[in-house]
Amino acid sequence: MDTTHLISIQQFCKHYQVPVTFINALQEYELVEITVTETDHFIKTTQINSVEKMMRLHYDLDINLEGIDAIYNLLQQVERLQEEVRMLKNKLNAYQ
């Protein structure tokens with residue numbers, strides 16, 4: 001399996017000094033996708049920014065995993081709505 005765009009969970013947790021159980025809990029809430037190979041568990045490098053945000057919410061602001069799930073889903077919804085507004089503004093500008 002090509003692991004070019006993957007980072008080992010062990011390596012990630014060691015670097016950020018967080019327990020592996022935190023990443024596993026994020027997976028249980030379907031906030032991250034873990035790729036499993038014969039030798040290790042990985043997360044995609046594109047998910048690192050999201051995981052960092054969730055770590056700050058949990059460790060710096062002391063928000064539990066249920067709260068992180070709610071906040072993250074609301075933030076994704078806001079981003080989708082902002083993209084839709086941008087798209088509609090572009091269409092409106094084309095008609096002007």
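Which residues of helix α2 (residues 20-28) are buried? The close-up views below take up that question and a few others. This is a predicted model, in which local features need pLDDT of at least 70 and side-chain atom pairs count only at pLDDT 80 or more, while totals for chains, interfaces and linings use all residues. Residues are numbered from 1 along each chain as its sequence is written, and side-chain values use heavy atoms, with hydrogens and water left out.

View 1. The buried residues of α2 are Phe22, Ile23, Ala25 and Leu26. Seen down the axis of α2, these residues fall within an arc of 160°, so they line one face of the helix; the arc is that of the directions from the helix axis to the C-beta atoms. An α-helix has 3.6 residues a turn, so residues three or four places apart point the same way. On the other side of α2, Thr21 and Glu28 are exposed. Here buried means under 20% relative accessible area, exposed means over 50%, and partly exposed is in between (1.4 Å probe, protein chains only). The buried residues of α2 pack against α1, β2, β3, α3 (48-60) and α4 (65-95). Helices (H or I, at least four residues) and strands (E, at least two) are DSSP runs, numbered from the N terminus.

**View 2. A three-stranded open sheet.** The 3 strands form an open sheet in the order β1-β3-β2, with antiparallel pairing. β1 and β2 are the edge strands, each pairing on one side only. From one strand to the next, the twist averages 40°. Two strands count as paired if DSSP finds at least two bridges between them. Strand β1 (residues 6-8) pairs with strand β3 (residues 41-44) over 3 bridges, and strand β2 (residues 34-36) also pairs with β3 over 3 bridges. A hairpin of 4 residues joins β2 to β3.

**View 3. Helix α1 against the sheet.** Helix α1 (residues 9-16) packs on the sheet and touches β1, β2 and β3. The direction of α1 makes about 70° with that of β1. Axes are lines fitted to C-alpha atoms, for helices over the stretch in contact, and angles run from 0 to 180 degrees between N-to-C directions.

**View 4. Two loop residues with positive phi.** Gln17 lies in the loop between α1 and α2, and has a positive phi of about 55° although it is not a glycine. At 72% relative accessibility, Gln17 counts as exposed. Glu30 is found in the loop between α2 and β2. Glu30 is not a glycine either, yet has a positive phi of about 60°. With a relative accessible area of 71%, Glu30 is exposed.

**View 5. Met54 and the largest nonpolar core.** A nonpolar core is a set of buried Ala, Val, Leu, Ile, Met, Phe, Trp, Tyr and Cys residues joined through side-chain atoms within 4.5 Å. The largest one has 21 residues, of which Phe12, Ile23, Leu26, Val32, Ile43, Val51 and Met54 touch the most other members. The elements giving two or more residues to this core are α1, α2, α3 and α4, and α3 gives the most, with 5 residues. Leaving aside its neighbours within four places in sequence, Met54 is in contact (heavy atoms within 4.5 Å) with Phe22, Leu26, Leu31, Val32, Ile68 and Tyr72.
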